[in-house]
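Please take a moment to look over the sequence and the 3D structure shown below. A briefing for a new reader follows them.

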Amino acid sequence: MSILSLKNVSKSFGALTVTDDASFDVPEGQALGIIGPNGAGKSTLFNLITGNIRSDQGNIHFQGRDVTKVSAMERCLTGIGRSFQIPQPFEKLTVFENLLVAATHGRNLSERDVRDDCADVLERTELIKRANVPAGQLSLLERKRLELSRAMATQPKLLLLDEIAGGLTEGECQALIRTIKDIHAQGVTIIWIEHVLHALTSVVERLLVLDFGKVIGLGDPDEIMASKEVQEIYLGIEV
Ligand SMILES: Nc1ncnc2c1ncn2[C@@H]1O[C@H](COP(=O)(O)OP(=O)(O)OP(=O)(O)O)[C@@H](O)[C@H]1O
């Protein structure tokens, strides 16, 4: 069964069409990677799925329900969580306090009701030892982990990751991949936008390619990466 389904979704900013008739399904429990050149419309696609922006045309179904006109807040409450390309935690709040904010708002519950779950999330994302440290004092990898934790604190069924591996060393990247694999193994469906291709392809089962807002490829990661179109358009290699 598909957890997410987009049908003929389009979005323009003025004369610029940023999402062009996008249609695809994400089966429950799958990890889907999204690649494409800068400005291809990847983050915009996330904003359409989360409800941060509305589509001009088309429909979005989540768990069988048409959420096209549903607010971002309600989509979050029903299980769509995301991390942002540029982490913006509350720098002066501790890691744990940052999670409490995400969990209480993202689940519409009191702090008392979410405390244990927040501690569980920090265990899984390996940040529990830093729970009482202000977010502003974290290393880059820890900030990435906090961004992931804030998304997980909303208890998503569908987790959207926006370029979470950028800027990390290879060792840090591998550590983050292990955590993402662990989250995926718990049954969370993942859609991951990433320019660090080896990180992405080590996790996802399918790859979607966007170019000028159009879905130009969707399928097995190895086949997609080897395709002439992707090599030319995405990697800039003439084959
Ligand atoms: N709110 C907006 N108003 C006007 N133009 C926008 C808006 N949001 C995005 N755009 C434009 O839409 C295009 C796609 O942007 P988007 O951020 O979705 O691309 P992207 O594939 O995520 O790029 P990157 O890989 O660089 O993050 C860009 O040309 C961008 O300038």
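Predicted model: local features only at pLDDT ≥ 70, side-chain atom pairs only at ≥ 80, totals over all residues.

Residues are numbered from 1 along each chain as its sequence is written. The protein chain is divided into domain 1 (2-79 + 156-233) and domain 2 (94-155), with bounds that come from an automatic or database domain assignment.

**Domains and their contact**

- The centres of domain 1 and domain 2, taken over C-alpha atoms, are separated by 23 Å.
- The contact takes 13 residues from domain 1 and 16 residues from domain 2, where two residues are in contact if their C-beta atoms, placed from the backbone, lie within 7 Å.
- On the side of domain 1 that touches domain 2, helix H2 (72-77) and H6 each supply at least two residues, and H6 gives the most, with six residues; helices (H or I, at least four residues) and strands (E, at least two) are DSSP runs, numbered from the N terminus.
- By class, that side of domain 1 has nine nonpolar, two polar and two charged residues, given that Ala, Val, Leu, Ile, Met, Phe, Trp, Tyr, Cys and Pro count as nonpolar, Asp, Glu, Lys and Arg as charged, and the others, Gly among them, as polar.

**Nonpolar core**

- The largest nonpolar core has 61 residues, and those with the most contacts inside it are Ile 34, Ile 49, Leu 99, Leu 159 and Trp 192.
- This core draws at least three residues from each of domain 1 and domain 2.
- A nonpolar core is a set of buried Ala, Val, Leu, Ile, Met, Phe, Trp, Tyr and Cys residues joined through C-beta atoms within 7 Å; a residue is buried if 20 or more other C-beta atoms lie within 10 Å of its own, exposed if 12 or fewer, and partly exposed in between, with C-beta atoms placed from the backbone.
- Leaving aside neighbours within four places in sequence, Ile 49 is in contact with Leu 4, Ile 60, Ile 80 and Leu 160.

**Ligand and helix H1**

- The ligand is surrounded by Phe 13, Val 18, Gly 36, Asn 38, Gly 39, Ala 40, Gly 41, Lys 42, Ser 43 and Thr 44, a residue being near a molecule if its C-beta atom, placed from the backbone, lies within 6 Å of it.
- Helix H1 (residues 42-50) gives the most to this shell, with three residues, and by class the shell has three nonpolar, six polar and one charged residues.
- Seven of the nine residues of H1 are buried, so H1 is largely enclosed by the rest of the structure.
- Just after H1, Gly 51 takes a positive phi of about 90 degrees.

**Helix H5**

- Ten of the 13 residues of H5 are buried, so this helix is largely enclosed by the rest of the structure.
- What covers the buried residues of H5 includes strand S6 (80-82), helix H3 (95-107), helix H4 (111-124), strand S7 (158-162) and helix H6 (170-185).

**Two single residues**

- Val 9 has its place in strand S1 (residues 2-13) and counts as buried, with 23 C-beta neighbours inside 10 Å.
- Glu 172 lies in helix H6 and counts as partly exposed, with 17 C-beta neighbours inside 10 Å.
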